[in-house]
Amino acid sequence: MIINCQKCSSRLQIDDSKVQSRPFTVRCPKCNSEVNAGSDSQNPALDQSGISAGGASTPANSRFGPPKPAPLFEMDQSVSPTDSASATERLVELLSGLVNQSGPIHSPIARPSWNPRRALVCIQEDKREGVARSLAENGYQVFVAEDTRQAVERMRENQLDVVIIDPRFDAVEQGAVFVTREVNILRPTQRRRLFLVLLSPSLRTMDAHTAFLNNVNAVVNASDVDELPALIEHRIRDFNELYKDFNHVTKMHAL
């Protein structure tokens with residue numbers, strides 16, 4: 001749970017397991033004032049996620065009707081690569097993965113093909129379908145967000161593996177800001193399992209220093225969008241190598 005101090009606007013993060021069912025008071029570490037909070041969703045101090053934080057306005061389409069998460073991108077059956085994998089092949093791969101788990105400690109647990117990476121695409125409309133199709137053709141399960149609300153709802157509903165964001169996504173509603181905030185409030189264990197890609201109109205592709213400064217895992221220039229799946233795969237290999245011992249100890253498969 002995120003709580004906003006009404007006096008100095010500081011954001012205080014509280015472990016959900018310690019949140020009481022009745023209203024309670026905490027002390028702001030910055031201004032030392034008391035902040036009243038509780039389970040009441042109308043309490044102005046409460047901030048359950050990045051969609052309600054800070055100075056940006058809530059997307060207009062969230063005011064009416066039920067929330068609609070970003071829909072799954074579907075290709076024609078005739079070109080879908082995942083349909084070609086038979087049940088027997090998947091079973092063999094599963095058994096092989098179980099056997100490999102008893103191998104050396106430095107051997108990462110490979111991700112099985114029947115459990116594809118889940119990617120959320122939050123980019124400008126003119127490149128949206130092309131990026132979604134190229135990822136789907138490379139075995140991803142792809143969700144495409146048309147606006148900020150769809151993006152945020154999909155991030156809340158699904159455990160995603162890859163999020164691709166363009167700073168110009170849904171510019172009117174500051175979509176990139178809200179999506180980034182949703183990422184930033186993830187617990188460290190959740191953030192470690194999410195690969196965030198910045199599709200930029202100006203930054204240099206695969207610039208590690210720029211990626212670090214922007215708090216993302218990889219930067220891809222928009223002019224290189226046709227090579228996006230290959231570029232992501234290259235960086236994810238490095239990402240898995242970095243966390244291979246951690247994934248082994250926690251019995252998590254590679255990203």
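**View 1. The end of helix 2.** Just after helix 2, G139 has a positive phi of about 90°. This is a predicted model. Helix 2 covers residues 125-137, 13 residues in total. From first C-alpha to last, helix 2 reaches 19 Å, close to the 18 Å expected at 1.5 Å a residue.

**View 2. The buried residues of helix 2.** R128, V131, A132, S134, L135 and A136 are buried in helix 2.

**View 3. The largest nonpolar core.** This core has 25 residues. L135, V142, I164 and I232 have the most contacts inside it. At least two core residues come from each of strand 6, helix 2, strand 7, strand 8, strand 9 (195-200), strand 10 (218-221) and helix 7. Helix 7 gives the largest share, five residues. Another core, of 20 residues, lies apart from this one; C122, F169, V183 and L198 are among its members.

**View 4. The contacts of L135.** Leaving out residues up to four places away in sequence, L135 touches A119, V121, Y140, V142, I164, P229 and I232.

**View 5. A211 in helix 6.** A211 sits in helix 6, residues 208-213. A211 counts as buried because its relative accessibility is 4%, under the 20% cut-off. Leaving out residues up to four places away in sequence, A211 touches V216, N217, A218 and V219. V197 is 14 residues from A211 along the chain, and their C-alpha atoms are separated by 8.6 Å.

Technical notes. Residues numbered from 1 in each chain as written. Predicted model: local features only at pLDDT ≥ 70, side-chain atom pairs only at ≥ 80, totals over all residues. Heavy atoms only, no water. Helix = DSSP H or I, 4+ residues; strand = E, 2+ residues; numbered from the N terminus. Expected span 1.5 Å × (residues − 1). Buried < 20%, exposed > 50% of the residue type's maximum accessible area, 1.4 Å probe, protein only. Core = buried A, V, L, I, M, F, W, Y, C linked by side-chain atoms within 4.5 Å. Contact = heavy atoms within 4.5 Å.
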